[in-house]
Amino acid sequence: MHGHGATLIIDLGAIVSNWRRLADEAPGRACAAVVKADAYGCGLDRVAPALWQAGCRTFFVAHLSEAIAARALLPEAIIYVLNGLLPGIGPALMAHALRPVVGSRDEMVEWAALAAASGAPLPAALHIDTGMNRLGFPVPEALALAGDPIVAQAGIALLMTHLVSAELPEEVVNARQAADFARLRAALPGIPASFANSSGVFLGAPAHHDLLRPGYALFGGNPVPGRPNPMRPVVRLEATIAQVRTVAAGDTAGYNARWTADGPRRLATLSLGYADGYPRAASGRGMALVGGVRCPIVGLISMDLVILDVTDAPAAARGSTATLIGDGLDIDAVGRAAGTIGYEILTGLGSRYVRHYVTGTEA
Ligand SMILES: *Cc1c(COP(=O)(O)O)cnc(C)c1O
């Protein structure tokens with residue numbers, strides 16, 4: 001059926017298998033799942049229950065609304081809100097048994113006051129900023145919390161920080177952040193800690209601490225750029241060919257005639273465009289596979305259409321399928337073609353696609 005332009009196939013089995021693969025990197029430690037931004041575009045409502053069933057017990061999202069959606073799916077999970085205690089959201093966090101990742105003294109005081117008023121301890125995580133200058137306590141302020149009763153009053157049950165350049169293991173900032181985090185753990189003893197995002201998991205045992213915190217790698221992104229991807233691919237994007245035509249030398253294709261045929265070429269027009277979430281920035285640089293043959297995207301990507309040069313792909317015909325993500329065309333490659341990162345490709349996967357969930361490759 002071709003009622004929609006393109007089909008997104010999401011392999012829940014591969015997500016589960018990636019979660020287990022990440023957990024296996026740190027035996028004896030726990031592995032959480034970061035499922036912000038609708039589980040990196042893959043659909044929280046399907047992803048969260050699949051990970052819970054596999055044994056994942058701790059989840060991180062960015063916003064209160066995401067956390068409330070996660071709570072409805074996961075009544076017993078520990079759910080942290082990374083963006084913290086924004087003004088006024090405390091009662092809603094409490095009502096849904098959610099945990100803010102607090103990043104300032106104001107947030108701690110507010111959370112402690114809610115706990116005192118409710119008469120029950122309310123858990124939270126403490127975010128320490130070891131280099132991002134984005135969210136969290138600067139290191140000296142965090143060190144000064146040693147011995148301060150506010151730490152217990154605010155229910156601090158997890159210490160966490162976020163790596164600046166985890167995907168670049170040789171960057172000196174990694175060692176500096178690790179050393180600062182070790183000092184903090186010593187100053188605030190007895191509290192479990194979380195340090196590693198997807199790439200951090202592959203920095204070795206000293207980066208593991210108590211709780212891994214991967215997102216991107218769960219969804220098939222390569223956590224070790226420049227090396228073979230240890231994760232299974234999760235997302236497949238396919239579009240139908242609407243028309244095939246032959247053009248002659250000198251003919252152009254697409255808006256503003258950005259591409260000119262240098263000889264007779266066969267062009268196929270795909271029924272998807274940037275309004276579906278396929279990035280316009282990949283114009284003239286992206287690829288799609290037709291019958292296993294790599295075909296370049298030519299000219300500017302339109303709102304609802306993409307033009308491929310299928311001269312070398314005999315399988316290209318009206319109604320046949322082109323693969324834009326999958327079979328070796330991975331999200332990192334699509335990100336590079338669009339001058340961005342695979343994270344943005346994933347989280348931009350549009351609502352216009354028909355979504356199919358499969359559990360094919362769980363192992
Ligand atoms: C998004 C995020 C993660 C997950 O990072 P990935 O690189 O996707 O694994 C972990 N921690 C924090 C604080 C985040 O914002």
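The model discussed here is predicted.

The protein chain as a whole comes first. Its secondary structure comprises twelve helices and 20 strands. The C-alpha atoms occupy a box of roughly 75 × 40 × 40 Å along the principal axes. The chain has 363 residues, and 52% of them count as buried. Contacts were also examined by sequence separation. Among those between residues at least 6 apart in sequence, 65% join residues at least 24 apart. The chain exposes about 15,600 Å². Carbon and sulfur atoms supply 55% of that area. There are 28 positive and 30 negative charges, and their mean positions lie 3 Å apart.

Val 101, Val 102 and Gly 103 are among them. Leu 135, Gly 136 and Phe 137 also touch His 127. Met 160, Thr 161 and His 162 complete the list.

Helix H6 covers residues 105-118. With 14 residues at 1.5 Å a residue, H6 should span 20 Å. Its end C-alpha atoms are 20 Å apart, which agrees. Six of its residues are named as buried: Glu 107, Met 108, Trp 111, Ala 112, Leu 114 and Ala 115. These residues cover an arc of only 160 degrees around the axis, and therefore lie on the same side of H6. The face turned away from that buried side carries Asp 106, Ala 116 and Ala 117, which are exposed. The cover over the buried residues of H6 includes both helices and strands. The helices are H5 (90-95) and H8 (150-153). The strands are E6 (99-102), E7 (124-129), E8 (137-138) and E9 (156-160). After H6 comes Gly 119, with a positive phi near 80 degrees.

Helix H9 can be treated in the same way. It runs over residues 172-187. Its 16 residues, at 1.5 Å a residue, should span 22 Å. The end C-alpha atoms of H9 are 23 Å apart, which agrees. Val 173, Asn 174, Gln 177, Asp 180, Phe 181 and Leu 184 are buried in H9. They share one side of H9, because their arc around the axis is only 135 degrees. On the other side, Val 172, Ala 175 and Ala 186 are exposed. Strands E7, E9 and E10 (193-194) are included in what covers the buried residues of H9. Helix H7 (139-143) is included too.

Backbone angles deserve a separate look. Most residues other than glycine have a negative phi. Ala 37 has a positive phi of about 50 degrees, although it is not a glycine. Tyr 40 likewise has a positive phi of about 50 degrees and is not a glycine. Ala 37 is found in helix H2, residues 36-40. Tyr 40 is also placed in helix H2. Ala 37 has a relative accessible area of 35%, which makes it partly exposed. Tyr 40, at 6% relative accessibility, counts as buried.

Notes
Residues are numbered from 1 along each chain as its sequence is written. This is a predicted model: local features need pLDDT of at least 70, side-chain atom pairs count only at pLDDT 80 or more; totals for chains, interfaces and linings use all residues. Side-chain values use heavy atoms; hydrogens and water are left out. Helices (H or I, at least four residues) and strands (E, at least two) are DSSP runs, numbered from the N terminus. The expected span of a helix is 1.5 Å times one less than its number of residues. Buried means under 20% relative accessible area, exposed over 50%, partly exposed in between (1.4 Å probe, protein chains only). The arc is that of the directions from the helix axis to the C-beta atoms. Contact means heavy atoms within 4.5 Å. Accessible areas come from the Shrake-Rupley method with a 1.4 Å probe; for residues, only the protein chains shown count as cover. Lys and Arg count as positive and Asp and Glu as negative; His and the chain ends are not counted. The place of a charge is taken as NZ of Lys, CZ of Arg, CG of Asp or CD of Glu. Lists of a residue's contacts leave out its neighbours within four places in sequence.
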